[in-house]
Each structure stands twice: as structure tokens, then as C-alpha cells.
Amino acid sequence: MYVFGITGEVGSGKSTVIEYLQQVHGARVLLMDLLGHEVMARGGICYQEVLDLFGPEFLKEDGELDRKAIGKVVFADQEKLEKLNSIVHPAVRIRVEQLVEEARLQGAEFMFMESALLLEEKYDEMCDELWYVYAKESVRRERLKESRGYSDEKIDQMISNQQSEEMFRSRSNFIIDNSHSFESAKAQIDARMKQYEIM
């Protein structure tokens with residue numbers, strides 16, 4: 001089984017690339033954001049520890065953690081963010097290792113893991129190849145405004161917290177230019193996947 005990592009700046013189109021790989025190339029996919037939600041969910045491995053960190057006022061009526069409220073706190077408090085990450089990230093990594101092994105035992109051909117923090121969390125160490133989804137900053141800004149309704153201020157903050165384009169390029173084996181139509185990106189993906197599918 002080939003394990004690929006997909007990363008890139010916010011708004012570059014990683015989710016669209018992942019969806020295409022699932023639908024057209026039958027890839028198994030791990031989305032780190034969703035696994036983070038899973039481990040923080042009621043009954044999840046991190047639920048109690050995160051609740052202890054933030055307090056019962058961050059619980060919703062159904063007993064689930066209010067991730068949106070927690071997000072607002074950590075957005076403005078670096079220390080709280082680091083504490084939250086120290087709880088959640090190790091648990092997500094354990095889950096990733098379990099799911100990769102399960103897919104391997106089930107005979108899956110391709111596994112893609114997607115995270116904006118793929119390099120920071122050293123998931124690239126688990127990958128045979130790292131893909132960088134690139135889009136020009138002007139394009140990313142426009143997408144974030146249209147799809148998520150983000151303000152310029154929020155976009156500035158998010159971009160300033162991410163690694164540089166040079167760093168992504170220097171660490172990646174393959175770069176998808178997703179600055180234009182997705183038809184162009186699809187052609188790049190198909191050509192790359194063809195190399196693996198004929199092996």
C-alpha cells in the first residue's frame with residue numbers, strides 16, 4: 001500500500017483534491033480535522049481532558065464539547081492552543097497509525113492523509129510521498145471569502161500562522177498547481193496516479 005500525505009495552505013483546495021482521489025482513484029482517505037473531532041467527541045479518548053482544560057461552560061446541551069467556542073478561545077490564546085494541541089495531536093496520531101494498519105491489512109492500494117499541519121506534526125514520516133496543493137495567495141483569499149465568508153482580517157491571521165510556500169515546495173515530492181480550473185488540477189493528479197496504478 002502506498003501512503004501519501006497531502007498538505008498546503010488554507011484555501012488551496014486540498015479537500016477538492018481529496019474528494020477527487022476518493023471518487024476517481026478509489027483512494028482511502030484520512031482527514032486529520034475529522035479525526036480531531038472524533039477523539040474530542042463525547043466518549044472519545046480526549047473528551048474528559050479537554051473538558052478539564054476548558055471547563056463545563058464549554059459543553060453544549062447534548063453533552064458534546066462546543067468546538068466553535070473552544071476555537072474562539074484558542075484563536076486568541078496561544079498558550080491554551082498549545083495545551084489543547086498537546087492533548088489532541090498525540091491521540092490523533094495513534095488513531096492514524098491504527099487506521100493505516102487496518103487499511104494495509106484489508107489490502108487497500110492507496111491511502112491519502114490530509115492535514116494543514118502534516119509537516120509540523122511529522123506525518124510525512126509515515127508517507128511514501130508528499131503532495132503539496134498550491135494556489136496563488138490571491139486565489140486562496142478569494143476562495144476563503146466566497147466559500148467560508150471569512151474577513152480579510154481572519155484570512156491575514158490564518159495565512160500568517162502557516163508555513164511558507166518555499167518550505168512546502170522544498171519538502172514535497174509532487175506539486176499540484178490548483179490556481180486555475182480544477183480540470184487542470186485533475187490532469188496533473190491523473191498523470192501522477194497513472195505512475196502508481198501501472199506498477
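**Notes on the fold**

1. The number of disulfides in the structure is 0, where a disulfide is a pair of cysteine sulfur atoms within 2.5 Å.

2. A word on what you are looking at: this is a predicted model, in which local features need pLDDT of at least 70 and side-chain atom pairs count only at pLDDT 80 or more, while totals for chains, interfaces and linings use all residues. Residues are numbered from 1 along each chain as its sequence is written, and side-chain values use heavy atoms, leaving out hydrogens and water.

3. Now to the sheet. Its 5 strands form an open sheet with parallel pairing, in the order E2-E3-E1-E4-E5. Strand E2 (28–31) and strand E5 (174–177) are at the edges with a single partner strand each, so one side of each has no neighbour in the sheet. From one strand to the next, the twist averages 25°. Strands (E, at least two residues) and helices (H or I, at least four) are DSSP runs numbered from the N terminus, and two strands pair if DSSP finds at least two bridges between them.

4. Strand E3 deserves a look. How many of its residues are buried? The count is 5 of 5, so to speak a mostly covered strand. Phe110, Phe112 and Glu114 are buried on one side, and Met111 and Met113 are buried on the other. E3 runs parallel to E1, joined by 5 bridges, and Phe4 has Phe112 as its bridge partner in E3. E3 is also parallel to E2, with 4 bridges between them; Leu31 stands opposite Glu114 there.

5. Trp131 stands opposite Phe174 in E5. Helix H9 (residues 182–197) lies across E1 (2–7), E3 (110–114), E4 and E5, at about 155° to E5. Axes are lines fitted to C-alpha atoms, for helices over the stretch in contact, and angles run from 0 to 180 degrees between N-to-C directions.

6. Helix H6 (residues 137–148) and helix H7 (residues 152–160) have axes that come within 11 Å and cross at roughly 130°. That makes H6 oblique to H7; angles under 35 degrees count as roughly parallel, over 145 as roughly antiparallel, 65 to 115 as roughly perpendicular and the rest as oblique. Residues of H6 including Arg140, Leu144 and Arg148 meet a set in H7 that includes Asp152, Ile155 and Ile159, where contact means heavy atoms within 4.5 Å.

7. Finally, two loop residues. Gly63 sits in the loop between helix H3 (47–54) and helix H4 (67–76), and is buried because its relative accessibility is 12%. Setting aside residues up to four places away in sequence, Gly63 touches Arg42 and Tyr47. Gly63 and Ala41 are 22 residues apart in sequence and 9.3 Å apart in space, C-alpha to C-alpha. Lys122 lies in the loop between E3 and E4 and is partly exposed, at 46% relative accessible area. Its phi is near 60°, a positive value in a residue other than glycine.

Conventions
Buried < 20%, exposed > 50% of the residue type's maximum accessible area, 1.4 Å probe, protein only.
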